[in-house]
Structure formats: structure tokens, C-alpha cells
Amino acid sequence: MSVPDYMQCAEDHQTVLVVVQPMGIVPEDQFFRIYKRISSVSQVSIRDSQRVLFIRYRHHYPPENNEWGDFQTHRKVVGLISVTSCNTAKEWPQTSDRFHGQKEVFGSTLYDSRLLVFGLQGEVAEQQRTDVAFYPSYDDCPHVEKRVEDFVESIFIVLESKRLDRATDKSGDKLQLLCVPFEKKDFVGLDTDSRHYKKRCQGRMRKHVGDLCLQAGMLQDALVHYHMAVELLRSVNDFLWLGAALEGLCSASVIFHYPGGTSGKSGARKPGVSSAADAGKRHRPGALTTNAISADTSTEIGRAKNCLSQEDIIEKYKEAISNYGKYKSAGVIELEACIKAVRVLAIQKRAMEASEFLQNAVYINLGQLSEEEKIQRYSVLSELYQLIGFHRKSAFFKRVAAMQCVAPTIPEPGWKACYKLLLETLPGYSLSLDPKDFSKEKKEVTQSLENYTSKCPGGMEVISLPDGLKLPPVPFTKLPIVRSVSLLNLPASLRPHKVKGLLGQGMSSASPFIYSPITMHSRGDERSKKIDFQWVQGDVCEVQLMVYNPMPFELRVENMGLLTSGVDFESLPAALSLPAESGLYPVTLVGVPRTAGNITINGYHTSVFGVSSDCLLEGLVGVKSSGCMVEVVPSLPRLQLCTSLPRSAHLSSEDLSTSVSLQLFNGETQQLTITLENIGTEMLNTLELTSKTLSTKEKLFGEFLTWDLQDALSHLPLKSGQSVSIPVNISAKLDFSGQENLLHDLNDDGISVTGLPVSSPLRQVLKPRAENKPVGTDASKNEFNHVKTLEAVLTFKYSGGAGEVEGYYRELSLGVRVDVEPSVFFTRVSTLPATSTRQCHLLLDVFNSTEHELTLSAKNNQDLVLHASECQRMAIQVDKFDFDSMPVMDHDALRLATVRQQEEKRQQVQGGLINSTLDIHWTIISFTKGSCPDKTVP
């Protein structure tokens, strides 16, 4: 037997073992609900008798342990209850076969079995069977406990029958020799007719009958049989079975003395009715058989020596364990006997003797144990030491169990279980994690320190003693604790940029080679610490520290600043207050470099509790840093940007200084005024303006952003405090053509007006007037249900001061977002001949998609008034275009361009000619003149 039961106690010898197992696919939660109801029937009073049968349930039991059932009958599985799900009658035959297969595992020892079937209804479920119970569902299963009681009574009938058969065995001298599994090979070829062999058989059978009597509720009979077995087995030196007989004697005596049990579970057992006074009432008298097993023990029941005294129980346990120790294969039996003895001694409050049994249990070798079994063993040892009051020893074994949870051999360490067990060890070591136990003392010390430093400030000076000894200063590097140091880059609008043509001017020209690995290697250490961005002389620079307060009270830090070297640096001290045990807390220290060069952040200085400390980073343990050296470039001017439009959210794809947004109708132009003010100390000498249109799916005609920078440049150089304004025109000119299927080629001239297939947006779906021509179908109108968006970035590059001499400049970026709403659409284009062959009538079907009344005008043509959502035809008399004679591209460009490029260029030239000839404008009448000038239609 290799699997110990660490929860065993002496009264378990009085129980019968019933295994409850799931069969097939049974939900785990449902199974344990049923298991809990079954295991609630832990003792049953037998009808027509004063006896009580105690039951021990297990949902998992190793079959190899069942082979030791003859040695100690409480280890034998005598009952099996299977729980299964069966939904249809077709599944029932297979379910029944599985049940018979499950019974075969313990078939040699089973007294009776039951199958609980859930989910099956109908004809099969209506059959009346004693070994099968059908229930509609796991929730609808009444009388489970009653069926278990009937099942236990059937087990008792078989148990009582076997007890009587063994006690009145009339097989003569040929008694069966009961064996444990490892003995069977040792008894091959023994002389079965010898007196020694017969006594061994009689002694073992006596012990076996004693087990059956104990289980059957006949306590005094069991004591008599155990005494006889001890005498017989001692005479033939059958030590293993002698140990079992002694342990049985101890168990029966413990049950007599402690009817409430020794397991420590309240209400686990009710006192039995077995006693010497009623033994005669239960006994069935019989004749003395030829094998010397007397069925009539009434003459010995009254003897006081049958039941051991409380002191003798422990002595017999020691003898039994000593006998078990002679057999290597009986390690589990020996370990469980030690645990049972400890539980008895705990009730007797004999802690020192109990510790001797536990010490013996520690050294019992059970062979190769799994990691889980090791954890269980150490945990049980810890609980038993706790039970006898050895709290420190208990904490020791609990800590061993915790470390076993995260052993290197475990593929998935149980850190949560380890942490839980370690927390439980703290009381045993008289340790506490309650801050109230130590925070008060720390606070008193710091208050005393503040009182002393108020009279004599603490600094970083070296103290020289009279004997010449010098005491170095000790900084408070852990008040607060610094975990990381990060140098922060300047904001995007203040970062310096190097002119591309001057990037290599700082490199040494002493070597004729473009790249020298020797030179680079000599400067490797310096480069490893240097940050890849720059600071600017005269600008505020930032260093972020991640700190936390380890003290159990609020920590005040005063005069916290940076320690630097390399350039003149003005540190701006900060004061902070960190909450008690704050966790990581960001602190930003700032300063201004007053000269150019390379600056190194060496550390920081603080004043805590009146003590000033200079904390160097190289002396701090566990501080993370991406570098401590950064280049400071010469001073540059600093511009502040304001616009005539309010600010808006930044464009998602650009790192911008600020952004503006506006709404325009398609074809509308609006002016944006940008004001730049020099808020720095250096003069602004150079200014450049560029724009970049962000990627868009829309076809844009003409320039989106235009400006004239000459007036602004005439005000340069710009002194500190001065400003300059720059007007920027924003033109939103997208495609005015309607859907592609609504465009028609012009007739026989071979000329066509084309445009990209545009889903032109509307602020809302508009309905055409009833008296006018409708535009397409409802499906086509739904194409005009979103606003088109144009985005661009204006970038100002400017420089001045000493930074300009070194080739540095700054950039200021303005994001512009325009939501373009539809104005007019040309839904159809066609031509008609005019009176002159050189002219034609251009017919345009125009749709007003706005909510306003709109006037459409063209060169040499009457104005056309369109109401909201109205579509009308506009006729324009124009000269025919001669596109063939127009020069599109020169000969060299034509030869290098692709076919697609040639076509695009041709359309661009032709479109420009048509636009300039027609000169179509629209005006929204409700707008005042000047606030909304005419809009050009490309």
C-alpha cells in the first residue's frame, strides 16, 4: 500500500468503507452535490437492534489499498455507489454494462452496490430494482438519503453474516491463512500441518474476527478477540499481524474511552451504545469449535483487562508501531498508526509524547512520493504539531510545504498556495504584518530626529574628530527610494533641429577614412550614456524620477533638486509630500542650463527631517536609467502661435503645436490669420513656411493652402516681444460632378466633361421640389450623406541667435482640418448646336444640395437662382474648344511620361481651359456680401 490517508483516526476502525464515484460524463458540481447528500448518512441505527453502523465515504480510493482489506477490514471497500447521467432509453444498456464493469474493480470485496441514474424517464425508469434508483434530474431527487440508509442496512446484513461465519467456522484444522500482498510469495512451500502454522492461522483469524465485531458494533466482543489474537500471534513471532492486533485493541479502547471521537471534528460521531452491560444481550451463544475460536465469550466480557487504560493505549501503540517498523512495505500502516496515536495524545494533553510519535513519522520512508503527496504530508505534520501546541514546529513544516509548492521540479509552480501557506507561518514565528505593530516606533524616531536637526542642521560636510578620524556624510538615499531616472525631451515645438547640410560638421577630419571603428570604440562609453535628443540653452528642462515612500506615515521632502556637471545649470528646487507607503510616484525636477555643452545628471539633493542629502545615482542600487548625459545646444528664439480661429483637437497622425478646424462649402475660400510672437530672448532672423496635405481619397483642384510671406519677412529680424501676422487662404475645391452613371458624353463634337465618381456629401438627405426635375432615385441621394474632410499641416521653420550660427532651427506646426459640405452638383452635361457652327449651347443640370437659396452665375450669362434641394437646367453659349491644337507637354516630357500621366496632364489642361472660359460661380444669397465671397467652381 503506497497511498497514506493522513486524516485517519482510531475510530475509523469501526467504520465500513463505501466508495462513491461518477460514471461517464457527470458535471463535477452536480456530482459533489449528490456526494455531499450521500456522505451526510455517516451512521445508521440498525432496526431491531441497538447497534450503530458507521460509514466512511471516499470519492477516490486506490485499488491497491483495497488489497490490504484482510489485514484491517476498515480498509476494504464493501460498498459502491455509482452516480451517472442517462438521458434516453437507448443509452441504458451501455450504462448498465459500465456499472457492472465498475463493480469488477472492487468486486472481490464488495458486499453490495447501488447505481443512481439521473435524467432517465419512461418505461425503463419505472422498473422497480433494488440496486438502481432513477431520478428525473439532479435537482429533482428526493429520498436519496433514505435509499442510502437502506443500502447501509443491506451492507450490515452481509457484515453480520460474515462475522458469524468466521466466528463459528467449522472447517476443522484447515483454517485459511490471511495474508497481506507482499507476504504471499513468502509462504509458498510452507508446512501447513505444523503447529506453528496453525497458530499463525488462528491468531490472524482471531484478529480478523475482532475487526468484523468492531465494525458490527460489538465492542466488547472485539476486545476479547483482539486479546486472544495478541497472545496467539506473539507466541509465533508474527510481528506484522501482532502490530495489527495491538492497533485494533487500541482502537477499540479509544472508542470506549472517547465516544465523541479523536478527529477533532465537532458533531462527527454520536456516542455508540456498545458497552459491557449490554454485550450479553447482543451475543449469539455457540459451541467451542475444533479450531479453538470460541463463539461464547460471555465469561471474558466482564474482565476489566479487556479494555486498555488510557496509559496502556499509548504503550500498545508504541509496540504496534515498533512491529510495523520491522517491515519496509508497511510504511504507510506505520505512518497512519503514528497519526492516530498523536490524535489520542492530543486529547490526553500529552504533548511531549505526541511529538515523539510525530518525529518518528517524519523519518518513515514511503518511497518515491509525488510533489503533491509531499505537500500534503508536510501540511498534515504542521496541523498535528499545531494540534499539540508546538506552534513554532508547526510553522516550520508549513514553510517546508510552501517551498515544496514552488519546487524546481514542478512545471507550474503554485505561487498563490505558497504565499497562502507562508502567511499562515507568521504566527508560529511570532511575526506580524500589521503596520500598527511597528509604525508607531518609526514615527517617534523621525520626530526626535527633526527636533535635533532644528537645533543643529544636518548637512553633507565631513566631520573631523579630535583623534583625526573623519566621518563621511551619510545621505538619506531611501527617504524617499528612487527606482528610475528619465531625462525628458523638450516639447515638439521647442526641440532643436540640425540643418541637414551641417550634420557632419562636428565630426573630426583628422582621419582620412569616412568611418573609423577605432575612433568610435574609444568613445563607446560616453555614447552609451548620452541621450539621442538635445536640450536648449535658456529653456526649462525636465528630469522625471519614480519614487516611493516606504514609511508608514506621510513623508515631506523639501528643497529637492538636481545635481549636474558639465555646464552651468540653474536647478529649480521642488517640495513634495508623499503619502504613507505611496507606491511608485512620479516627481519631475526642473532646471535651466545657462551655457551650451554636454550636461550630466549626477544625482539629486533633498532635505528630509531637517537633514540635507546629496544622493549620487552611481551609489543607488536598483535604479533604472536610459542615460544621464545630454547635449545642450546654443540658445534659439521661441515663437508663440495664435490664429483667428479657435483651437481644436489635434490631428491623430501628426505631432502638432496646435490645430484649427472649420467648415466650408465646396468651392468656398476663407482666410486664416496666423500671428507669430517672439516670446524668447533671442531675435528671430529667419522664417520659412511650408505645407503638407495629408493623404486623402478626395480629388483636390487647385491649391488647398496659399499665402504671401513677403510682408512678414519684411519685419525681420523680430525682436523679443514683437509679433507678425501671416494671412493664409484656405480653398476647398473638390469635384462638382454627380454620380458617374448620371454623366453623359457631349454629342458629336467628341468633347466630354468628366470628373471623378464622387459620393458628394450633404449635411442631410434633401428632397427635390415637386415642380422640378427629381435627381435620380432615393438610393442615389443616400450617396450624399457624409461630409468630406481635408487635412493639412503648416510648418514654420525659424532660427536666430547663437543657435543659428551652429546650424540649429526650430519648427512650429499648425494642423488645419476642413470639413467640406456639398454646395452644387452637375448631375448631367450635354450640348446642343447653336446658330453658328463655331459655337454650341452647353446644357448643365445643376442641383442645389444646400439648405439655402443659391445664385449660380457664369461669364456672359444670366444668373440662375436655385432654391434649397432644387435642380434646374442652365444653358451657356460657348465657342467650341479645339483641344487638338493645345500644347499639352513638351517633346522630352512626353517621351518620359507614362500613358496615365499623359492622360492626366491632358485632362488638367483641358479642364483649366474650360474653367477659365465658363467662369462659373455660386453665391448663397442669405450671406452678406464680403463675409462669403463668390466661390469658384473648377
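Me: In the hairpin of β17 and β18, which residue takes a positive phi?
Reply: This is a predicted model, where local features need pLDDT of at least 70, side-chain atom pairs count only at pLDDT 80 or more, and totals for chains, interfaces and linings use all residues. Residues are numbered from 1 along each chain as its sequence is written, and side-chain values use heavy atoms, with hydrogens and water left out. The hairpin has 2 residues between its strands, and the one with a positive phi, near 55°, is F609.

Me: How many bridges pair β17 with strand β18?
Reply: Strands here are DSSP runs of E with at least two residues, helices are runs of H or I with at least four, and both are numbered from the N terminus. Two strands pair if DSSP finds at least two bridges between them. T606 has S613 as its bridge partner in β18. β17 and β18 (residues 611-616) are antiparallel, and their bridges number 6.

Me: In β20, what is the bridge partner of N598?
Reply: β17 also pairs with strand β20 (residues 629-633), antiparallel, over 4 bridges. Within β20, N598 is partnered by E631.

Me: How many residues of strand β17 are buried?
Reply: Buried means under 20% relative accessible area, exposed means over 50%, and partly exposed is in between (1.4 Å probe, protein chains only). Strand β17 spans residues 597-608 and is mostly covered; of its 12 residues, the buried ones number 9.

Me: Over to the rings: is the pair of F71 and W241 stacked or edge-to-face?
Reply: Rings of Phe, Tyr and Trp (its six-membered ring) pair if their centres lie within 6.5 Å; planes under 30 degrees apart are stacked, over 60 edge-to-face, and the rest tilted. The centres of F71 and W241 are 5.1 Å apart and the planes sit at 80°, so the pair is edge-to-face.

Me: How many residues apart are F71 and W241?
Reply: F71 is in the loop between α2 (63-66) and β4 (77-85), while W241 belongs to helix α7 (residues 239-257). Both F71 and W241 are buried. This pair links distant parts of the chain, and the separation is 170 residues.

Me: What is the angle between the planes of F118 and Y138?
Reply: F118 counts as buried at 1% relative accessibility, and Y138 is buried too, at 11%. Their rings are stacked, 4.5 Å centre to centre, with the planes at 15°.

Me: Which ring does the charged end of K797 sit over?
Reply: A charge sits over a ring if NZ of Lys or CZ of Arg is within 6 Å of the ring centre and within 35 degrees of the ring normal. For K797 the distance to the centre is 4.7 Å, and the ring belongs to Y809.
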